[in-house]
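The sequence and model are shown first.

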Amino acid sequence: MHVCNFCTTFAEFLKGFITKMAKVITPDGSKRRGKLDKQSNEVHRIGKNGEEQIYVLHPSSVPPTKAQNLYRKNFGKINAVVNSIVADPQQAQQWQERMNEHNRQAYLVVPRLKRYRTLRQYVFAMVREQLESKPSIRRRKAALSMTLPKEIKLQIKPFTDLTAAEVYEILKARCEVFLCEQRICYLDQDNIDYRATHFSLRRKGIVIAYARLFKDTEKGTYRVGRMLSKERGQGYGRYLMDQIIAVARQLGAEKLSLHAQLPVVSFYEQFGYEAVGEAFQEAGMDHQKMVLTL
């Protein structure tokens, strides 16, 4: 009888401990954990000196950002599709074969291509990429303002203002992406650097995203070139393009043009770039000329 009473009391205690605990941040910035009184919205905690401490649990008053709302909305849609695919044995088998082929390509052909360990990770990434490639989602993402992390600095300089170390890091980043990763055989130093404005995002002086802007032969048109991002999926390329468009407007540009590699045409479309003419070969890769009217 006593054992049963003890088990019942312990179960009630454990249930209350699990369901009625909360964390609060005190005015001095320290974190405290204690029992939550839902009626008074207070957190009760026994301090080191044995005295009971009471903290008021304030609900968050900071509204979610537009980026957070967009991510949450997309996450729900993506997760529903992923669940339906993983639950269907026939679809799961087809996606498993696609993932295996992707990982094989990532290992043998493109070393920097991301490899996936689970089927859910791969399906989620592919479905998300397909959803976010829609024009409506691209426009909404392009309209969102991005704040750089504190350790990353934006640098916008003409060639004459760059130091030798800064030029070295720019050329190093271009070599890593275009020559080593994409294996393009071409002369990167084409003398255009001398008359271009150089945009770069740097972490401790190391270039992680880069592009250059220079005046094109067509009147009122500026050209964007050598655009790269070493840390993809972080929004750095989008942030850099926003800066390029703003500077181009200040310079009085009427149009921006660029030669986009075919796999990233959709990236430029989210800024309003439009394809002009047919695809063509440049440096051994398929490219598409794109123009943005400012």
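1. Helix α3 (residues 89-108) packs against helix α4 (residues 119-132) at an angle of about 85 degrees, and their axes are 10 Å apart. Axes here are lines fitted to C-alpha atoms, for helices over the stretch in contact, and angles run from 0 to 180 degrees between N-to-C directions. The angle makes α3 roughly perpendicular to α4 (65 to 115 degrees; under 35 is roughly parallel, over 145 roughly antiparallel, the rest oblique).

2. On the α3 side, the contact (heavy atoms within 4.5 Å) is formed by Ala 92, Trp 95, Gln 96, Arg 98, Met 99 and His 102. Helix α4 contributes Leu 119, Tyr 122, Val 123 and Met 126. By class, seven of these residues are nonpolar, two polar and one charged (nonpolar: Ala, Val, Leu, Ile, Met, Phe, Trp, Tyr, Cys and Pro; charged: Asp, Glu, Lys and Arg; polar: the others, Gly among them).

3. The model is predicted, so local features need pLDDT of at least 70 and side-chain atom pairs count only at pLDDT 80 or more, while totals for chains, interfaces and linings use all residues. Residues are numbered from 1 along each chain as its sequence is written, and side-chain values use heavy atoms, with hydrogens and water left out.

4. The structure holds six aromatic pairs (Phe, Tyr and Trp rings, the six-membered ring for Trp, with centres within 6.5 Å; planes under 30 degrees apart are stacked, over 60 edge-to-face, the rest tilted). The rings of Phe 267 and Tyr 268 form an edge-to-face pair, because their planes lie at 80 degrees, with centres 5.0 Å apart. Phe 267 also pairs edge-to-face with Phe 271, at 5.3 Å between centres and 70 degrees between planes.

5. Ring pairs join Phe 267, Tyr 268, Phe 271 and Tyr 273 into a cluster. Tyr 268 is buried at 8% relative accessible area, as is Phe 271 at 13%, whereas Phe 267 is partly exposed at 24% (buried is under 20%, exposed over 50%, partly exposed in between; 1.4 Å probe, protein chains only).

6. For the chain as a whole, the secondary structure comprises eight helices and twelve strands (DSSP runs numbered from the N terminus: helices H or I, at least four residues; strands E, at least two). Of the 294 residues, 35% are buried.
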